Amino acid sequence: PDQRTRDMVLLIQAMVAAAAADGLIDADERETILARARDAGIDTDTQRFLEAELDAPKSLAAIVAQSRPEIAADLYAASCVAISLDTEAERIYLDTLALRLNLDPAARQAVHAQLGLA
């Protein structure tokens, strides 16, 4: 697969990993991710891939290991979008992700502002 395809796969994996950060992808999180994907116009094969990822999320370490600096902010944003940030585990996950992706506080703030997050 080309770089763009690898990046898209990694963005999906980052969303799923973030949703699993608190130890569980609940029915609401699963449906939110699937609905966003359907709204984005994904095809049947991509939906099957997404469902498989939801059943077996990648670790934060695996996501970071495959990351490139050029998509670090996108990975962080995808992770922010996937969760409601209502648990300490989710906050720790995002903090750790940002640290491992070398995103400074200003870069994180820019992502939060772009997404309309506090």
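**Exercise 1.** Determine which residues of α5 are buried in this predicted model, and which elements cover them.

*Solution.* Step 3: with eight of its 11 residues buried, α5 is mostly covered. Step 4: the covering elements include α1, α2, α6 and α7 (105-115).

**Exercise 2.** Identify the residues with the most contacts inside the largest nonpolar core, and state which elements contribute to this core.

*Solution.* Step 1: the core comprises 35 residues, and Leu50 and Tyr76 have the most contacts inside it. Step 2: two or more residues come from each of α1 (3-19), α2 (27-39), α3 (44-55), α4 (60-66), α5 (72-82) and α6 (88-100). Step 3: α1 supplies the largest share, nine residues. Step 4: beyond four places in sequence, Tyr76 touches Leu94, Leu97, Ala98, Leu101, Leu103, Arg108, Val111 and His112. As general background, nonpolar side chains in soluble globular proteins tend to be buried together.

**Exercise 3.** Characterise the largest pocket by its volume, its lining and the classes of its lining residues.

*Solution.* Step 1: the space in this pocket is about 420 Å³. Step 2: its lining consists of 18 residues, with Met8, Leu11, Ile12, Met15 and Ile42 nearest the centre. Step 3: α1, α2, α3 and α5 each give two or more residues to the lining, and α1 gives the most, seven. Step 4: sorted by class, the lining holds 13 nonpolar, two polar and three charged residues.

Methods:
Residues numbered from 1 in each chain as written. Predicted model: local features only at pLDDT ≥ 70, side-chain atom pairs only at ≥ 80, totals over all residues. Heavy atoms only, no water. Core = buried A, V, L, I, M, F, W, Y, C linked by side-chain atoms within 4.5 Å. Buried < 20%, exposed > 50% of the residue type's maximum accessible area, 1.4 Å probe, protein only. Helix = DSSP H or I, 4+ residues; strand = E, 2+ residues; numbered from the N terminus. Contact = heavy atoms within 4.5 Å. 1 Å grid on protein atoms, 1.4 Å probe; cavity = no way out; pocket = protein on both sides within 12 Å on 5 of 7 lines; lining within 4 Å. Points joined across faces, edges and corners; volume = space filled by probe spheres on them. Nonpolar A, V, L, I, M, F, W, Y, C, P; charged D, E, K, R; others polar.
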